[in-house]
Amino acid sequence: MTSTTTLSAALSADHRARLMSLAHEVFFDVGTRLFEEGQHADRFWIIKTGNVALDLHVPGRRAAVVESLGQGELVGWSWHFPPHHWHLGAKATSPVRAHEFDAESVRTLCEQDPEFGRAVACWVGQVVAHRLHSARVRLLDLYAPYGSGGR
């Protein structure tokens, strides 16, 4: 993932501190499913250590891993956009320590502080754009006759 989508690059120190005031630490063992595509998105995580694979349901095939996330990266963006349902699935591929956030609390803070809300929206938007591109390239690599063409 490009550095502009990690928390430290995307938000100012003040905005990071405000967001982190809502965090609590969680742990996931290898193989733990964080969420499934289509379920209600009521939380999100920022990885401290470990890796999480994002996957996409492909009809008639097993789920395709479209991206692997690591330290400082956002796991989950669907919490930010109605109807708040996961667009991908996520699984811990190593032991994971992460900061977990309650989506409703963060959305409330965004509404109360428009500058903070805009910063979070821009960050999440950058993540969405990056993930859409990554998913497209990965699916072309897996299923197109000539792959993604190296892009």
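Let me start with strand E8, residues 96-102, which is mostly covered, since 5 of its 7 residues are buried, buried being under 20% relative accessible area with a 1.4 Å probe and protein chains only. This is a predicted model, in which local features need pLDDT of at least 70 and side-chain atom pairs count only at pLDDT 80 or more, while totals for chains, interfaces and linings use all residues. Residues are numbered from 1 along each chain as its sequence is written, and side-chain values use heavy atoms, leaving out hydrogens and water.

Now to the partners of E8. Strand E1, residues 24-28, pairs with E8 in the antiparallel sense over 5 bridges, and within E1 and E8 Val26 stands opposite Ala98; pairing here requires that DSSP finds at least two bridges between two strands. Strand E3, residues 43-49, also pairs with E8 in the antiparallel sense, over 6 bridges, and Thr49 has Arg97 in E8 as its bridge partner.

Stepping back, the chain holds 4 helices and 8 strands, which are DSSP runs of H or I with at least four residues and of E with at least two.

What, then, makes up the largest nonpolar core? The core has 39 residues, and those with the most contacts inside it are Leu19, Leu34, Trp45 and Val75; such a core is a set of buried Ala, Val, Leu, Ile, Met, Phe, Trp, Tyr and Cys residues joined through side-chain atoms within 4.5 Å. Helix H4, residues 114-143, gives the largest share of this core, 8 residues. Leaving aside residues up to four places away in sequence, Val75 touches several residues, including Leu34, Trp45 and Ala90, a contact being heavy atoms within 4.5 Å.

How values were computed
Buried means under 20% relative accessible area, exposed over 50%, partly exposed in between (1.4 Å probe, protein chains only).
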